[in-house]
Amino acid sequence: MKPEEFHNQVIPKIVALLNPQESATNKRAAAFVISRMLSGDAKFEHQDLISKISRIILLRPFSTGEDGKTVDATLSISSALVTLITLVSNADPSPTLISSLLSPIVSTLYSLLHYVDHVKTVDPSLRESLRGLIITWGKIVSTADGVHILWPILRSDEIKWTIDLEGNISRDNKAETHGPLSLLTPEDLRAGVENEYNINSNILGLYPDPSHFVQLLKTVNRADISSDFFVRLLEAYRDQKNDEGGDPTRVLLYLQVIMQMQAQLTDGKSSANILCKPTHLLSFIKHVLEPRISTSHESNEQYRNQNARVNLQIVTPQDEEPSDEGDSDDDTPGAEVNNSDDEMIETSVNLLLSILEANEDLSARTAPILNHIFSLLEPFARDGSDVVRSLAKEARMVMTARLASTSSRKFASRNQDEESAKDIYQKALKLLQDPILPVRAHGLLLLRQLVAPSAPGSKDPKLDDDALVPAILSIFLQSVQDDDSYMFLNAVQGLAAMVDRFGKEVLRGLVKEYADGLDGLNASSMTQHDLDTRTRVGEALAAVIRRCGEALSLYVDIIVPPLFQILRSRHSPTTLRTSSLSLLSDCESTNPLSILSYVTDLANVMLDILQLEIVPTGSTFKNKEKQLPSVDTEPLSTNTKFPPLRRGALHFLALMMRETTKLIYESSFGSSLFSDDFIRRAKTTLGYVASVDSDDIVRVMAREAAEDLNQLNKAMLGL
């Protein structure tokens, strides 16, 4: 069978497992498989073919042909929508996956949301699911991609939808499209007079509804996307308005969206405030002001020359009075151009004043582009129209006062990087409170990047306030308990980064979370949640140990004694004791010299474990072990006869012997570390375990450890 035929049969069956009627296990498994199919990082045979087939099945229902009709697809629009929602809900929260999956159909999804939000009889769950998909995409998409994908919504025509009584969604290709002006009837006008039109009402039937579209941008809460989108919208409005052949309805739509964004997205207390990220807005203001200085006189002169040539070619009839039209505004040289320019300049200067008001610390010292804008405003403050002149003077005054104010307190204020780090910290905390998992994961990633050590030459802002360390440590420790692997791994990496950055105090906090509260019978009352938390903190400790390298000797007295205590605690679950053994092995492999003072005691403890917990073949312990659950099925068990404990002890012994042998050959240091009695005891114990233990892996590891012991003995004898 050809690969294409095979995958065309198998992939639809996998997609079918995302049906809401399937079990949660099947849906998670199918979501994982499909996410790997669509992942650009995965490398496997026929990857392009598999990805293409998967995207066709999932996205084709939302596509249209040249005639505007839905193309043939395996799934209906309703089924495809439910499948996408299930896939996003059950797959790993990968921003790359969500962006690549939803970006091609965002315009279609918004069109459907626009429809269901205006139909009261639609199932509320459908409305919220659609909105959730778009918001999830908006939270994780990059700024440039977000603006690039949202912009076509303003340029596209409205898609007509219909939903039957059973909830099936389809395109209504027979629906008549009326022009905006045809929607205003005498009845509408009378109703408007009686009820007074709401300022947010879309009385002209523009698509998208400006208020609805901006409200979605506000819900997404991405000030960077909204700010860049606002700049592009202003540029498009200016270009469309200056285009004599432009669509007036499009100009009106742009203007309405601009007004709605100014009304809804300029609240000083909102994190979605587009004025809080002024970089691109200031660039736009500078761009608007520049052509006025350099080209306005040339444009007027060109207009006069063209007008003169036209007047030479036109013979005015004798019965007309040209003087009657001489006072017309339309015939004033350059009047139309100047009016349009003045309107954009007025808008730009008002926007500049709003930005300065919203950002109290913004000045030419922190944003050098304000120096250029200050100079560009001078001609308007001197020669502009009355309104523009007044605004330009006000703006120059505010900028002058702001620069003087910041100059007077420059030595008392913190540097810009620290302020930026605080902003990122607050943003991360807000994202962590979001109910959407990918958004929380992104917040945790921002927090991890904020506390990670600075790379050489890096200018990324870092948090240096020690007062915030306990709160951040608490956040990571709580995130370690998250069931989602992406959150958990980010938390582990964040904890390791905090130890690298802030040192012993954070490490003591980690060790305390891992080892405290195990005295006496307290360990026997441990819950599954407690065990999971401790083992996950143990993974963070393992990452810390490996990253310490030669510096491990600075922390070994903090790490080893608590691990040794857990190992000796018979009331602790075997899983936790095995985890502590693994951490001790990490210490030995990372820097053998750092635990040299503990190695003799640890080696004797390992031999004690092997002697006491061995399960000989054919013994009563072996029979009991067959009847007992394994450490995987009962992780809270304190049964020390489980093989993982003996395997961990053997692993440490073998590692210790190899590292000590290497140390002796390299520096002759450690040749008298172990006594002859220890060597004889270890040889006897390992030989016995290799011969009679019931676990195959334990026997193999014991034989390998015995060989390492022989090499150690030769090194000690100088052979």
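Ring pairs join Tyr 110, Trp 151, Tyr 207, Phe 213, Phe 229 and Tyr 254 into a cluster. The model is predicted. A search of the whole structure gives six aromatic pairs. The count of cavities of 30 Å³ or more is two.

**Aromatic pairs**
- Tyr 110 and Phe 213 form an edge-to-face pair, one of the six. Their centres are 5.7 Å apart, with 90 degrees between the planes.
- This pair links distant parts of the chain. Tyr 110 is in helix α6 (residues 106-116) and Phe 213 is in helix α10, 103 residues apart.
- Tyr 110 counts as buried because its relative accessibility is 0%, under the 20% cut-off.
- Phe 213 is also buried, with a relative accessible area of 1%.
- Phe 674 and Phe 678 form a stacked pair. The distance is 4.8 Å centre to centre, and the planes are 20 degrees apart.
- Phe 674 is buried at 4% relative accessible area. Phe 678 is buried at 6%.

**Charges over rings**
- Arg 536 lies over the face of Phe 488, at 4.7 Å from the ring centre.
- Arg 568 lies over the face of Phe 564, at 5.8 Å from the ring centre.

**Largest cavity**
- The largest cavity has a volume of about 100 Å³.
- The lining has 13 residues. Closest to the centre are Trp 137, Leu 150, Leu 217, Val 220 and Ile 225.
- Helices α7 (124-140), α8 (143-155), α10 (210-220) and α11 each give two or more residues to this lining. The most come from α10, with four.
- By class, the lining has eight nonpolar, four polar and one charged residues.

**Second largest cavity**
- The second largest cavity holds about 40 Å³ of space.
- Its lining is made up of Glu 588, Pro 592, Leu 596, Val 599, Glu 659, Thr 660, Leu 663 and Leu 673.
- Two or more of these residues come from each of α26 (596-613) and α28 (643-667). The top contributor is α28, with three residues.
- Five of the lining residues are nonpolar, one is polar and two are charged.

**Ser 227**
- Ser 227 sits in helix α11 (residues 223-242).
- Ser 227 has 1% relative accessibility, so it counts as buried.
- Beyond its neighbours within four places in sequence, Ser 227 is in contact with Ile 274, Lys 277 and Leu 281.

Definitions and conventions:
Residues numbered from 1 in each chain as written. Predicted model: local features only at pLDDT ≥ 70, side-chain atom pairs only at ≥ 80, totals over all residues. Heavy atoms only, no water. Buried < 20%, exposed > 50% of the residue type's maximum accessible area, 1.4 Å probe, protein only. Contact = heavy atoms within 4.5 Å. 1 Å grid on protein atoms, 1.4 Å probe; cavity = no way out; pocket = protein on both sides within 12 Å on 5 of 7 lines; lining within 4 Å. Points joined across faces, edges and corners; volume = space filled by probe spheres on them. Nonpolar A, V, L, I, M, F, W, Y, C, P; charged D, E, K, R; others polar. Phe/Tyr/Trp six-rings, centres within 6.5 Å; stacked < 30°, edge-to-face > 60°. Lys NZ or Arg CZ within 6 Å of the ring centre and 35° of its normal.
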